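Colleague: Could we go through this model together, term by term? I would like to see what each label rests on.

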Protein chains: 2
Amino acid sequence: MRIPILKLKDYLLVSVQIELDDKTALQFQEDILNKIHDVGARGVVIDLTSVDFIDSFIAKVLGDVVDMSNLMGAKVVLTGIQPAVAITLVDMGIVLHGVTTALDLEQGLDKLQQELEG
Amino acid sequence: MRIPILKLKDYLLVSVQIELDDKTALQFQEDILNKIHDVGARGVVIDLTSVDFIDSFIAKVLGDVVDMSNLMGAKVVLTGIQPAVAITLVDMGIVLHGVTTALDLEQGLDKLQQELEG
């Protein structure tokens with residue numbers, strides 16, 4: 001199963017609304033990096049509102065997606081991180097340094113626009 | 001399988017990136033109407049760029065989604081309709097009167113904002 005990636009102007013929007021198993025997460029990692037390259041995206045908003053549990057593998061993949069996207073020149077904003085997910089991320093030592101977060105998709109998009117357009 | 005529905009301000013964004021079988025289409029119909037109700041959406045953009053074939057049943061469901069959303073007070077913009085899909089829709093007699101269309105998601109969102117905000 002693939003997570004749909006929406007393109008809106010220079011940005012990619014992703015709303016994770018299915019349970020992330022290992023295969024889906026890795027497919028997503030590949031898809032998002034390809035899409036960043038294909039459309040020349042400057043920023044990515046990944047909305048995790050519907051994700052209420054992640055394990056260490058998914059947490060690692062998510063951290064990697066952020067780092068890899070940054071390397072490619074696209075800024076990532078994570079939005080809607082639930083309390084349980086925040087706990088897991090920090091427990092796993094994945095502190096996501098330098099990652100912008102926001103409450104929901106629209107605030108994430110606003111932050112991205114502010115940071116990229118000054 | 002469910003098609004994710006993203007909320008952005010007063011609008012809902014949907015990008016159909018999986019093959020639409022009958023069950024998925026009906027589930028989508030139910031989900032989008034519930035979401036319109038839940039968030040009080042004023043407009044919906046449904047992007048069909050990745051859909052390169054639809055049958056008569058899916059065409060009917062899609063037409064119904066537009067009519068039902070309109071009844072609920074939400075304007076629907078369909079974007080990225082492929083040539084083959086346009087042919088199928090017209091062949092099936094589903095002309096989607098009064099439906100705004102646009103080339104892609106961002107133009108669809110622009111059109112929606114223009115129409116709803118004057």
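Modeller: What follows takes the symmetry and then the interface.

Modeller: This is a predicted model, in which local features need pLDDT of at least 70 and side-chain atom pairs count only at pLDDT 80 or more, while totals for chains, interfaces and linings use all residues. Residues are numbered from 1 along each chain as its sequence is written, chains are lettered from A in the order in which they are written, and side-chain values use heavy atoms, leaving out hydrogens and water.

Colleague: How do you know how the two copies are related?

Modeller: Superposing by least squares on the C-alpha atoms of residues with pLDDT of at least 70 in both, a rotation of 180° with 0.0 Å of shift along its axis brings chain A onto chain B with an RMSD of 0.0 Å. The two copies are therefore related as by a two-fold rotation axis.

Colleague: What makes up the contact between chain A and chain B?

Modeller: Contact means heavy atoms within 4.5 Å, and by that rule 13 residues of chain A are in contact with 13 residues of chain B.

Colleague: Why is the pair Glu106(A) and Lys7(B) called a salt bridge?

Modeller: The term requires a side-chain nitrogen of Lys or Arg within 4 Å of a carboxyl oxygen of Asp or Glu. In Glu106(A) and Lys7(B) the closest N and O atoms are 3.0 Å apart, so the pair qualifies. Across the interface of chain A and chain B, the rule finds two salt bridges.
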